[in-house]
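This report describes a protein chain through its annotated spans, its charged side chains and selected local features. The sequence and structure are shown first.

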Amino acid sequence: MKIGFIGTGVMGTGIISNLLKAGNQVTVFNRTKAHAATVLDKGAQWAANPAELTSHNDIIMSMVGFPKDVREVYYGDNGVMSVVHAGQLLIDLTTSQPSLARQLTATAAKKGALMLDAPVSGGDVGARQGTLTVMVGGDRQVFEDHRDLFRQFGKEVHYFGPAGSGQHAKMANQIMIAGTMTGLTEMIVYAKKAGLDLQETLATVGGGAAANWSLTNYGPRILKGDYTPGFFAKHFLKDLRIALQEADKMGLDLPATKQAKQLYQTLVDDKGLGDDGTQALVKLWWQE
């Protein structure tokens, strides 16, 4: 397949690498070309802007940071929507707003194109290993027709309903992760203060009912002092804000998620650590 991919960050790079490994012809665009070096070295081609990329590919995929970035690559100057044509498929993998997913789908439909919102979960490890969980919204038949494409970088691929449903599923996922990340952080802080062996604590907790993905993947990084981003703290804060905005629209009060958002807001906005990984939450208690 001829695929255009916008966004070569931590997650995008892993997904693109797996698309190339599967034999696809992939063209990429990123605001900073140097950040695309890894996939260009693996055989990806370069496009000067989203419009150029869209003009020469059948499937366009995007994985950028924030909803404003999604709007820019689709609706901005030389954006995807300026040249998209009938028969093309657009897939936004960014974790973004359900309302924006619906807007993109409607715009694509007016031009005869197809659109799916398909945010993913699994972090940098899942992106590299091709084991991401993919949550898809949009037309069911379009999803079924392209299920094999998602299998090239996802282990679990699930369809949730019309446009925006994939984003709602990702919000549910992030609400769960908010709980596991705050639990992981406070567990480690408590264990250290109590004088426990932290390696032994991780092994013990991970072997019982408290086992979870955050513990397995981020606990060891914290003990090594490794705060490199498998998932940026600033992006997680963005996700929690969207989740709470959507909850408010539905008349839901999510106090634990609100507390997690406040903690990450302190980490990102007050401490200036948004470019660290989500595991850096422990820095609110531990000074480097």
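## Annotated spans

Across residues 164-284 the chain is 69% helix and 0% strand, with the end C-alpha atoms 34 Å apart. Helices (H or I, at least four residues) and strands (E, at least two) are DSSP runs, numbered from the N terminus. An unreviewed UniProt entry annotates residues 164-284 as "domain: 3-hydroxyisobutyrate dehydrogenase-like NAD-binding". For residues 2-161, UniProt lists "domain: 6-phosphogluconate dehydrogenase NADP-binding", also from an unreviewed entry. That span, residues 2-161, is 39% helix and 26% strand, and its end C-alpha atoms lie 26 Å apart. UniProt positions follow the numbering used here, feature names are shortened, and annotations may be inferred rather than shown by experiment.

The model is predicted: local features need pLDDT of at least 70, side-chain atom pairs count only at pLDDT 80 or more, and totals for chains, interfaces and linings use all residues. Residues are numbered from 1 along each chain as its sequence is written, and side-chain values use heavy atoms, with hydrogens and water left out.

## Helix α9 and the annotated active site

Helix α9 covers residues 165-193. Its 29 residues should span 42 Å at 1.5 Å a residue, and the end C-alpha atoms are 43 Å apart, which agrees. The expected span of a helix is 1.5 Å times one less than its number of residues. Just after α9, Gly195 adopts a positive phi of about 80°.

UniProt (unreviewed entry) places the feature "active site" at Lys170, a residue that lies in helix α9. Lys170 counts as buried, at 3% relative accessibility; buried means under 20% relative accessible area, exposed over 50%, and partly exposed in between (1.4 Å probe, protein chains only). Leaving aside residues up to four places away in sequence, Lys170 touches Thr95, Pro119, Val120, Ser121 and Met135, where contact means heavy atoms within 4.5 Å. A polar atom of the Lys170 side chain lies 2.7 Å from the backbone oxygen of Val120. A polar contact is a pair of N or O atoms within 3.5 Å; within protein, one must be able to donate a hydrogen and the other to accept it, and residues adjacent in sequence count only if both atoms are side-chain atoms.

## A buried aspartate without a salt bridge

Asp117 is placed in strand β6 (residues 114-117). Asp117 is buried yet has no salt bridge, and the nearest side chain of opposite charge, Arg102, is 8.2 Å away. For charge, Lys and Arg count as positive and Asp and Glu as negative; His and the chain ends are not counted.

## Salt bridges

The structure holds 12 salt bridges, each a side-chain nitrogen of Lys or Arg within 4 Å of a carboxyl oxygen of Asp or Glu. In one of these, Asp69 pairs with Arg31, the closest N and O atoms being 3.4 Å apart. Asp69 lies in helix α4 (residues 67-75) and Arg31 in the loop between β2 (25-29) and α2 (37-41), so the pair ties together parts that are 38 residues apart in sequence. Asp69 is buried, with a relative accessible area of 8%, whereas Arg31 is exposed at 70%.

Lys68 and Asp69 also meet in a salt bridge (3.4 Å, N to O), and Lys68 is exposed, with a relative accessible area of 55%. A further salt bridge joins Arg241 and Asp269 (2.9 Å, N to O). This pair links distant parts of the chain, with Arg241 in helix α12 (residues 233-249) and Asp269 in helix α13 (residues 255-270), 28 residues apart. Arg241 is partly exposed at 32% relative accessible area, and Asp269 is partly exposed at 45%.

## Other local features

Asp276 lies in the segment after α13 and counts as buried, at 16% relative accessibility. Apart from residues up to four places away in sequence, Asp276 touches Tyr227, Pro229, Phe231, Phe232, Ala233 and Lys283.

Asn78 is located in the loop between α4 and β5 (89-92). The phi of Asn78 is near 60°, a positive value in a residue other than glycine, and Asn78 is partly exposed, with a relative accessible area of 45%.
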